[in-house]
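Subject: Structure handover

Hello,

Here is the structure I said I would pass on. Please open it alongside this message.

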Amino acid sequence: MQKKAISVDGGKLYGPYTPGVKAGGMIWLSGQIDVDAGDDIKTQTAGALAKIDALLEAAGVNREAICFAQVLLDDMNDYASMNEVYGAWVENMEIKPARAAFEAGALPANAKVEIVVQAIDSNNE
């Protein structure tokens, strides 16, 4: 099975990793943060989700391909605000992804939220 890297031009990395990997019809995206979007949870959530959309597009799919999302929060008290933005993002999806959300001790670059997704490319099943 051959692996293919997924990335977008200008994507900022915070360590030695690939933004996404595609292999055997599966797509794994590294955790996405967007500290440049703003200082609050809503703008950082929207920024992370926009990065996910861009990476999925680079992989040849859209958010409908997402099977699982993992949301890491710097502070669980931000859950409702994050969920408001995330909920709008998945609102029109036929089948919303399974999801887990929890508080992490600290996130890269002092981000308030990091979102990881796994998807399937049904064209390559």
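Predicted model: local features only at pLDDT ≥ 70, side-chain atom pairs only at ≥ 80, totals over all residues.

Helix α1 covers residues 41-58. At 1.5 Å a residue, its 18 residues should span 26 Å, and the end C-alpha atoms are 26 Å apart, so expectation and model agree. At the start of α1, Asp-40 places a side-chain oxygen within 3.2 Å of the backbone nitrogen of Lys-42. After the helix comes Gly-60, which has a positive phi, near 90 degrees.

A number of α1 residues are buried, including Ile-41, Ala-48, Leu-49, Ile-52, Leu-55 and Leu-56.

The largest nonpolar core has 26 residues, and the members that touch the most others in it are Ile-52 and Ile-115. At least two residues each come from β3, α1, β4, α2 and β6. With six residues, α1 gives the most. In general, nonpolar side chains in soluble globular proteins tend to be buried together.

What does Ile-52 contact, leaving aside its neighbours within four places in sequence? The contacts are Leu-29, Gln-32, Ile-66, Trp-89, Ile-115 and Val-117. Another core, of five residues, lies apart from the largest one; Ile-33, Leu-72, Leu-107 and Ala-111 are among its members.

Next, the aromatic rings. The count is one aromatic pair. It is formed by Tyr-86 and Trp-89, whose ring centres are 5.9 Å apart and whose planes meet at 45 degrees, so the pair is tilted. These two residues are three apart in helix α2 (residues 79-90), and are therefore separated by about one helical turn. Both Tyr-86 and Trp-89 are buried. The ring of Tyr-86 also has the charged end of Arg-99 sitting over it, 4.6 Å from the ring centre.

Finally, a loop residue. Is Gly-105 buried or exposed? Gly-105 is exposed, because its relative accessible area is 81% and the cut-off for exposed is over 50%. Gly-105 belongs to the loop between β5 (98-103) and β6 (113-120). Asp-74 is 31 residues away from Gly-105 in sequence, but the C-alpha atoms of the two are 6.6 Å apart in space.

Regards

Terms used: Residues numbered from 1 in each chain as written. Heavy atoms only, no water. Phe/Tyr/Trp six-rings, centres within 6.5 Å; stacked < 30°, edge-to-face > 60°. Helix = DSSP H or I, 4+ residues; strand = E, 2+ residues; numbered from the N terminus. Buried < 20%, exposed > 50% of the residue type's maximum accessible area, 1.4 Å probe, protein only. Lys NZ or Arg CZ within 6 Å of the ring centre and 35° of its normal. Expected span 1.5 Å × (residues − 1). Polar contact = N/O pair within 3.5 Å; in protein donor to acceptor, adjacent residues only side chain to side chain. Core = buried A, V, L, I, M, F, W, Y, C linked by side-chain atoms within 4.5 Å. Contact = heavy atoms within 4.5 Å.
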